[in-house]
Each structure stands twice: as structure tokens, then as C-alpha cells.
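Please keep the 3D view open as you read.

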Amino acid sequence: MQIEYAKVSALGDRQDNQDRAAVVVSEDAALLLVFDGMGGHSDGAKAAETGIKVVQDMFMKAPQPIFDPQGFLYMALSKAHDHVVVLGQDLDVDFRPRATCAVCLVQEGRAYWAHIGDSRIYQVRKQKVLTRSRDHSHVEVLIQEGAISEEEAQDHPMRNFVECCIGGDAPVPDMTITSGKKLDAGDVLLVCSDGLWSGLSDDEIAAIGTPGVNNLVENLKSLSMRALNVNSPYSDNTTGTALRWHG
């Protein structure tokens, strides 16, 4: 694989950073991960840390390229959820650690996505957002039903309400897993927490695909700074991982 990759995680205007991110690369596959600990719940950082470690470990132990990418993503996120549930098994339900997450597996010229909650994955081509994941959130349902627009969702009073996450209750949460999305040379994949995408338009997000020689790290840093400035003085933890596919 010929790829560039980058990672950023900024504190924002918060007391601590409950996001966790990683890029894991082998000869035949790459994995982009972002886990966002839910700040309203106890030990959000611990939930994110636990979840991301489970998925990383499974990836590193699996023969690659992975034979069944969608099955791997389902099993990995289910196992991550189970481990986070154990963290809170002695706590009241409202205080159990939780996290949202997004994972992108890249191999054999395709990208496979999985997410739970409102951590997102974008595919950018020729400086345009080709497609993105759809949040498991109340406002996303309203957007899909045509009740509100994408712009109205930015200021909606329930914009931070997610309908599923890892941790909390024992049953495996709803998750979205895609089939393989074909990659063209120059495509950029962005996996990020809501602190990064919140307040930014698709055109602003697409700036991460600005062409250049080995400039993905700088592009991701610039996008993070834009998000922090837009959301200041109430910016959240702002985290993203990115990969540019060369072939």
C-alpha cells in the first residue's frame, strides 16, 4: 500500500481529553480509529482507552488482509463494547463509562467503515466530500426525515443526544458497517470525533484533501485549528485520524 496518514487530538476548552485515536498500519492493511469518551458519564476517558485497545489488539493479531472485513469490524466493536460494560458493571446505569467510536479499515483498494454514535467517517475526493457516515443521533433522524436541514442541526437543542454508544447496558448497541468503498488515488479518509466536525461545513471538511506533497499532517492540523476556533470558547476535545490513498 502507498499511503500517507496523520493523527491529531486537541484538548479544546475542556478540563481533560477523553478522546483516544490511533492509526495502525501493516504491509497489507491500515486501521483508523477514534473513540470519544462521553463526558457526561463517569470515566469517559477510560471507556475510550479500553475500547480502542481492544480493537487495536484484535487487528494486530488478525491475518492480513483481513478475510471478512465487515465481520471483523462487528466482532471488534462488540468485544470493545463488552469490555467497557465490565468497567461499569458495579455502577448505577447513569454513571457507567461510555464512548462513541468510528473505525475505518483500509485494504486491497477499499475502505470499510463502522461507527457507533456521532463519531464520523468522511471520504474526500478532489477536495469534495464524496460521502460521510450518518450519526446515530436524534438530529440525524430529523435530517433524514426532512424535518430540519444540516444547517439547522448545528444549533438544535438536542444536537448532542446520541442514540447508541459502547458501554452502559449489556446488549450490543446498534452499529453501522459499510461494504467496501472503492478508493481512487488521492482520496482522503477522515475519522473524527464530534469536536472536530461540529461547526464545520462539508466544504471546510474537504480542505483536508488539498493536494500537496506529504501535506496530510498539516492539512489535518489546520482542520483541527479551524474547528477549535469556530467552537471557541466552548470547543470540545477535537480529534481525528486521516489517510490519503496513493495506490
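Strands β6 (residues 120-125) and β7 (residues 128-132) are antiparallel and are joined by four bridges. Strands count as paired here if DSSP finds at least two bridges between them, and the elements themselves are DSSP runs numbered from the N terminus, with helices being H or I of at least four residues and strands being E of at least two. Two residues sit between the strands of this hairpin, and Lys126 adopts a positive phi near 55 degrees.

A word on the ground rules. The model is predicted, so to speak of local features a pLDDT of at least 70 is needed and side-chain atom pairs count only at pLDDT 80 or more, while totals for chains, interfaces and linings use all residues. Residues are numbered from 1 along each chain as its sequence is written, and side-chain values use heavy atoms, with hydrogens and water left out.

**Nonpolar cores**

In soluble globular proteins, nonpolar side chains tend to be buried together. A nonpolar core is taken as a set of buried Ala, Val, Leu, Ile, Met, Phe, Trp, Tyr and Cys residues joined through side-chain atoms within 4.5 Å. Buried means under 20% relative accessible area, exposed means over 50%, and partly exposed lies in between (1.4 Å probe, protein chains only).

The largest such core holds 30 residues, and those with the most contacts inside it include Leu31, Phe59 and Leu105. At least two of its residues come from each of β2 (19-25), β3 (30-37), α1 (44-61), α2 (69-87), β4 (98-107) and β5 (110-116). A second, separate core has 18 residues, among them Val124, Val188, Trp197 and Ala227.

With neighbours within four places in sequence set aside, Phe59 is in contact (heavy atoms within 4.5 Å) with residues including Val24, Leu31, Ile66, Phe72 and Leu105. Thr50 is also found in helix α1. Thr50 is buried at 19% relative accessible area, and touches His83, Val84 and Leu87 when residues up to four places away are not counted.

**Cysteines**

With a disulfide defined as a pair of cysteine sulfur atoms within 2.5 Å, the count is zero. For Cys101, the nearest cysteine sulfur is that of Cys164, 8.9 Å away. Cys101 is buried, at 0% relative accessibility. For Cys192, the nearest is the sulfur of Cys104, 12 Å away, and Cys192 is likewise buried, at 0%.

**Salt bridges**

Side chains of opposite charge can pair when their charged atoms come close. A salt bridge here is a side-chain nitrogen of Lys or Arg within 4 Å of a carboxyl oxygen of Asp or Glu, and the whole structure has eleven. The table gives some of them.

| Pair | N to O distance |
|---|---|
| Arg244 and Glu4 | 3.0 Å |
| Arg14 and Asp236 | 3.3 Å |
| Lys53 and Asp57 | 2.8 Å |

Arg244 belongs to strand β12 (residues 238-245) and Glu4 to strand β1 (residues 3-10), so their bridge ties together parts 240 residues apart in sequence. Both Arg244 and Glu4 are buried.

Arg14, in the loop between β1 and β2, and Asp236, in the loop between α7 (216-231) and β12, are 222 residues apart. Arg14 is partly exposed at 40% relative accessible area, whereas Asp236 is buried at 17%.

Lys53 and Asp57 both lie in helix α1, four residues apart, about one turn of the helix. Asp57 is partly exposed, at 24% relative accessibility. Elsewhere, salt bridges with shared partners join Arg125, Lys182, Asp184 and Asp187 into one network.
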